[in-house]
Amino acid sequence: IKRHQLQKGVIFQQGDSWGKMPSPGAGNPKTRVKLWIELCDGGDFAKITASSSKERLCVILEKRGDADAIELGRSELLEKSSERYKKKVTVDYFFEVKQTLSFVFYDGTEADENKKLGMASCTVGRVVGSKHSKYSPSISGSAFKDTLEGGIVVFAEEVKSNVFDNDKLSIVFKGISLAAKDPLLQGGKSDPYFKIMRTRKDGELEQVYKSDVIPNNLNPEWPAFEVSLVNLCNGDLDAPLQLECWDYDGAVYGLGSSTDDMIGKKTITARQLIDETQLQLDDYKQRRVPIDPGKIGWESKLTLEIRELPPTFLDYISGGYNFKVSVAIDFTGSNGSPKNKSSLHYVGSDKRNDYERALAGVLDVLLAYDQDDMVDVMGFGGFKAAGSKRRQETSHCFPLNSSDSFEVAGGGGGGGLA
């Protein structure tokens with residue numbers, strides 16, 4: 001049975017129709033979650049790592065049950081003064097399996113045991129099951145005499161099942177008649193850059209992307225960038241994102257240095273970035289005399305990882321798959337005599353007994369997919385009457401009609417058979 005596949009590298013240009021993306025591994029009893037690692041603000045571990053070298057590596061390991069641990073990924077802090085690790089990792093979460101996570105921290109860019117700062121461990125279930133899916137495991141290791149509580153925070157968020165890790169959106173942004181924020185001495189224009197933010201499940205804003213600064217330009221075109229749909233929106237194309245455009249007020253061309261000014265902002269979605277090409281920025285505050293912050297335009301393309309989807313029920317039917325229905329009825333003595341009203345085989349009434357009702361209910365559905373409308377019906381745990389003589393040997397597979405054939409006409413549905 002052939003299934004439609006999206007080829008690796010297929011590009012969806014703006015203007016192409018966009019619907020619901022197919023789900024990878026539909027029916028697989030697992031949930032994909034994305035993990036963040038943060039250092040507790042002001043904690044002892046944060047102070048220790050701040051005194052180490054500029055690069056601080058974290059290696060994330062996963063161990064399922066009795067299996068060996070595998071490495072999920074590696075990440076470094078965003079910068080020396082940051083408390084957030086830059087790379088997120090995704091992990092398949094199985095409710096019924098104990099999955100132990102280990103976070104091993106090193107001073108430097110290599111996993112050198114001599115430069116090990118410490119390690120924290122917890123299960124995926126513990127993180128997912130905590131309030132806001134946010135958990136702070138204890139830190140221990142060669143750098144510490146005692147265990148430190150609250151050294152790091154692990155945060156988990158579900159990734160929608162319709163997105164793959166390699167599904168990416170490539171975008172080129174440009175400003176259109178942006179508002180001027182700089183005085184004449186600094187050029188009388190703006191030095192714009194933009195940020196894309198998303199709201200995490202715990203309510204905190206996460207920066208997804210920050211562009212370069214383009215000096216002294218009200219109609220800038222920023223370099224193209226690429227972002228995965230997992231990092232951009234967790235696969236939820238309609239989740240709100242915040243686009244902010246700022247004027248950089250650090251020293252530009254050797255002039256000026258103060259706090260950056262916001263030019264404008266807008267709430268958008270990943271779907272808009274795919275389907276649309278331009279938006280009007282909103283002013284970030286109320287003014288007596290309104291100021292037009294300008295517009296942001298963009299061109300985008302979506303690259304999807306190849307999808308090999310499991311066939312659906314309709315795929316089997318349309319591909320020529322045909323049902324053959326077989327029924328076996330229990331005639332063992334525990335069912336009681338058919339003359340007894342408490343028996344499942346009771347036949348002393350105009351109403352159907354329990355077996356007849358069950359057959360009619362199930363076969364009314366199944367026989368719609370059985371082209372010859374014939375059903376193999378057999379009994380077990382009894383013996384069949386043969387003329388005036390009865391076979392006293394119990395049989396566990398005998399036909400229920402007058403012939404030796406098991407086939408019985410379904411009668412257009414279970415009702416006829418029953």
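**Close-up views of a predicted model**

View 1. D167 is found in the loop between β10 (152-159) and β11 (168-176), where strands (E, at least two residues) are DSSP runs numbered from the N terminus. The model is a predicted one, in which local features need pLDDT of at least 70 and side-chain atom pairs count only at pLDDT 80 or more, while totals for chains, interfaces and linings use all residues. Residues are numbered from 1 along each chain as its sequence is written, and side-chain values use heavy atoms, with hydrogens and water left out. D167 counts as buried because its relative accessibility is 0%; buried means under 20% relative accessible area, exposed over 50%, and partly exposed in between, with a 1.4 Å probe and protein chains only. A polar atom of the D167 side chain lies 2.9 Å from the backbone nitrogen of F164.

View 2. R198 and E206 form a salt bridge in which the closest N and O atoms are 3.0 Å apart, a salt bridge being a side-chain nitrogen of Lys or Arg within 4 Å of a carboxyl oxygen of Asp or Glu. Both R198 and E206 are buried. The two residues also belong to a network of salt bridges that links K88, E157, R198 and E206. By this rule, the count comes to 17 salt bridges.

**View 3. The salt bridge of R200 and E204.** Side chains of opposite charge can pair when their charged atoms come close. Between R200 and E204, which form a salt bridge, the closest N and O atoms are 3.5 Å apart. R200 counts as buried because its relative accessibility is 2%, whereas E204, at 30% relative accessibility, counts as partly exposed.

**View 4. The salt bridge of D283 and R287.** The side chains of D283 and R287 meet in a salt bridge, with a distance of 2.4 Å from N to O. D283 is partly exposed, since its relative accessible area is 22%, and R287 is likewise partly exposed, with a relative accessible area of 26%.

**View 5. An open sheet and its edge at β9.** Five strands form an open sheet in the order β4-β3-β6-β7-β9, with antiparallel pairing, and two strands are taken to pair if DSSP finds at least two bridges between them. The edge strands are β4 (70-76) and β9 (139-140), each of which pairs on one side only. Strand β7 (residues 116-123) is joined to β9 by 2 bridges, and the two run antiparallel. M119 stands opposite S140 in β9.

How values were computed. Helices (H or I, at least four residues) and strands (E, at least two) are DSSP runs, numbered from the N terminus. A polar contact is a pair of N or O atoms within 3.5 Å; within protein, one must be able to donate a hydrogen and the other to accept it, and residues adjacent in sequence count only if both atoms are side-chain atoms.
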